Amino acid sequence: MNQRSSNLLDEALGLDQVIEPWPLRGRVVAIEDQVETSGSFVLHHLLKCSLSPNSSNVTIFIAFSEPFSHYDRILRKLGCNLVSQRDNSRFFFFDMLKLQCPDGDEGITPEGGLIALYGKIHKTISALPEICWRNVSIIIDDLSLMEVAANGSSDYVLDFLHYCRTLTSEFDCSLITLNHEDIYSSEDRPTFFIQMEYLADILIKAEPLATGLATDVHGQLTVSNKGRNKVSNFHFKVKENVVECFYPGRSRG
Amino acid sequence: MAESICRALRDGALEGELAPALTIKDSVASPFALQVFSHVISQLFSSILAGKSQSRGLVVVSFSRSPSFYLDLLKNKGIDVASSNKQIQILDCYSDPLGWKDQLAGSRDFTALSNEALVSSTAIVFREVKHMDKLYNSIIELGKGLVRGGKIRFSIAIDSVDEMLRHAPVSSVARLLSNLRSHDQISSLFWLLHSDLHEARVSAVLEYLSSIVASLEPSHQLANGQRGDLENFKHNSKKGKFHVRFKKRNGRVRVMSEEVQIEQSGINFTSLPPEGAINQGLVPKVQFSLQLSEKERIDKANVVLPFEHQGNGKPIQIYDGRRSLVDSKHERPVAAVENVQTNENCGSGEIIYYRDSDDEMPDSDEDPDDDLDI
């Protein structure tokens, strides 16, 4: 797999040179996609990188959208076995598909909902040996469904994300989230969405091409890395077991 | 200009006036308010340490960054925080704003990490951000602890008001800020605001409460959805326009602009070339020049208008359009114009006027409107 050296996405994220120590540590990464162009492949890619045999990363995956078997199938194609990683305690999967937060303000108690989830994440990290803390990635798929689970209370989700963010400064771990850009209307203020952009140290936008769907190019990615003061933009094509990234006009198709 | 902000905050409040307050606001297109905020904090704190400012201590209310972020920031600026923790205190509304950790610790095996020694000696965790009254009391208490009573003043930095507005209604946030401004031990205060997270009226409320507003805008406007925007987008990720509006006591307003550049090491302010450059973007593209050059402006100022020489002792002459005041002038108008253009220091200008034709009635004492029937 010599794909690593040529991957523009890795380059933009700073994953191309060293992955130990984890380059995203202490960072918040926000992935935003649209209905025509799913950004979940970025999530899978990051998951694969963090579980690569060259690193000692630990991933905590909070799934609101798909069951474990779904991710297992995809990652297997990418050359990574989630079941064995789970057995090795490098992959923690929190199935939140059925999470339903109690209604109303009185429902926000430590026994249920997102506070308990935060407690679970915190407990998982602090149970790890101290040397692993800075190599932990927390991945949330995805924020819009978390908002649904929280009965549409975006404030509650933001509170939860704030607490997850305190984990990044407390343990120096990283937080990676996926969200959909086009479900927030432009008329009333998409506060939640903008708030996420302020929180993020690295913002990855997946958009369709302005010219519509094409067979050789599936969309474009824009990565703004606030820490390194860098913006990169390139096209991508999602293949069965790899994602190809190339500069506009360089498609090999 | 960034210095004049820092100077205003350093000089503090006058007796019997509200403390100067600064809003630093930005938007997603140019999100550098935190960098400006950090710059102001480190400038103000170093003048506090040097004893040059009215205030003797700084209270940082941190909502969106951890206390160690600010301690590292000051350390990177070469300020020895460990020995100066008598002058800075951080009210930590970041680590556990809603008391979740506290609740979890009570109910199950949840062990919160203990902070580093330095952080715990300068920061105090605040757990009830929904209660603005308690927040006010904690801020004042921390400040008083720093300066130890009397009439000695301290400054306050709030990062950011957005988080406060998420937890409490606008009215109580406004009350908190205006109570702080009118407290007689507060020298100055400043806060950070992401203006696009709120309705326009909320930013307006906060701007009314402040005597200085510093706003960051992208240096290139993005037209939505165009592919060519990428270059502008890249440009905006490093640079921005920085406007500062000072409001004087008497209501006079002064606006200044600068350019900011974000670098790895921090933020740089560069002054824009005067006026022309600022207006350039605003004036639509036309084929003739609407602006005056510096020299044209000086020449224009030198022109003595017909009424200006009256009453300075010379006989009053009213020009009636038929002859020049100085008889020979009309014979060499070209030379006169050249003279104006070549000699920068020429002391006086003149008005050159040709009658178009004899049809034009010369000025006279007759009232041209006397046949008007009103």
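# Chat about a predicted two-chain model

Guide: This is a predicted model, and a handy place to start is helix α9 of chain A, residues 191–199, where A:Phe193, A:Gln195, A:Met196 and A:Tyr198 are buried.

Visitor: You mentioned α8(A). At what angle do α6(A) and α8(A) cross?

Guide: Roughly 15°, with the axes of α6(A), residues 113–127, and α8(A) coming within 10 Å. Angles under 35 degrees count as roughly parallel, so that is the label for α6(A) and α8(A). As for handedness, α6(A) passes α8(A) in a right-handed crossing.

Visitor: Which residues in α6(A) and α8(A) meet?

Guide: On the α6(A) side you have A:Leu114, A:Tyr118, A:Ile121, A:His122 and A:Ile125. They meet A:Tyr156, A:Phe160, A:Tyr163, A:Cys164, A:Leu167 and A:Phe171 of α8(A).

Visitor: And how does that contact split by class?

Guide: Ten residues are nonpolar, one is polar and none is charged.

Visitor: Switching topic: what pLDDT does chain A average?

Guide: Chain A averages 86, and 92% of its residues score at least 70. Residues 1–5 of chain A are below 50, though, and that stretch has three contacts in the model beyond near neighbours in sequence.

Visitor: What share of chain B's contacts is between residues 24 or more positions apart?

Guide: It's 72%, taken over the contacts in chain B with a separation of 6 or more.

Visitor: Back to helix pairs, then. What's the angle between α2(B) and α3(B)?

Guide: About 60°, with the axes 10 Å apart; α2(B) covers residues 33–49 and α3(B) residues 67–76. At that angle α2(B) and α3(B) are oblique to each other, and the crossing is right-handed.

Visitor: Which residues meet there?

Guide: B:Ser38, B:Ile41, B:Ser42 and B:Phe45 come from α2(B), and B:Tyr70, B:Leu73 and B:Leu74 from α3(B). That contact has five nonpolar residues, two polar ones and no charged ones.

Visitor: One more residue, B:Leu71. Where is it?

Guide: B:Leu71 sits in helix α3 of chain B.

Visitor: Is B:Leu71 buried or exposed, and why?

Guide: B:Leu71 is buried, because 22 other C-beta atoms lie within 10 Å and the cut-off for buried is 20 or more.

Visitor: How far apart are B:Leu71 and B:Gly240?

Guide: In sequence, B:Leu71 and B:Gly240 are 169 residues apart; in space they are 26 Å apart, C-alpha to C-alpha.

Conventions:
Residues are numbered from 1 along each chain as its sequence is written. Chains are lettered from A and ligands numbered from 1 in the order in which they are written. This is a predicted model: local features need pLDDT of at least 70, side-chain atom pairs count only at pLDDT 80 or more; totals for chains, interfaces and linings use all residues. A residue is buried if 20 or more other C-beta atoms lie within 10 Å of its own, exposed if 12 or fewer, and partly exposed in between; C-beta atoms are placed from the backbone. Helices (H or I, at least four residues) and strands (E, at least two) are DSSP runs, numbered from the N terminus. Two residues are in contact if their C-beta atoms, placed from the backbone, lie within 7 Å. Axes are lines fitted to C-alpha atoms, for helices over the stretch in contact, and angles run from 0 to 180 degrees between N-to-C directions. Angles under 35 degrees count as roughly parallel, over 145 as roughly antiparallel, 65 to 115 as roughly perpendicular and the rest as oblique. A crossing is left-handed if the near helix is turned anticlockwise from the far one by less than a right angle, and right-handed if clockwise. Ala, Val, Leu, Ile, Met, Phe, Trp, Tyr, Cys and Pro count as nonpolar, Asp, Glu, Lys and Arg as charged, and the others, Gly among them, as polar. pLDDT is the predictor's confidence in each residue, from 0 to 100.
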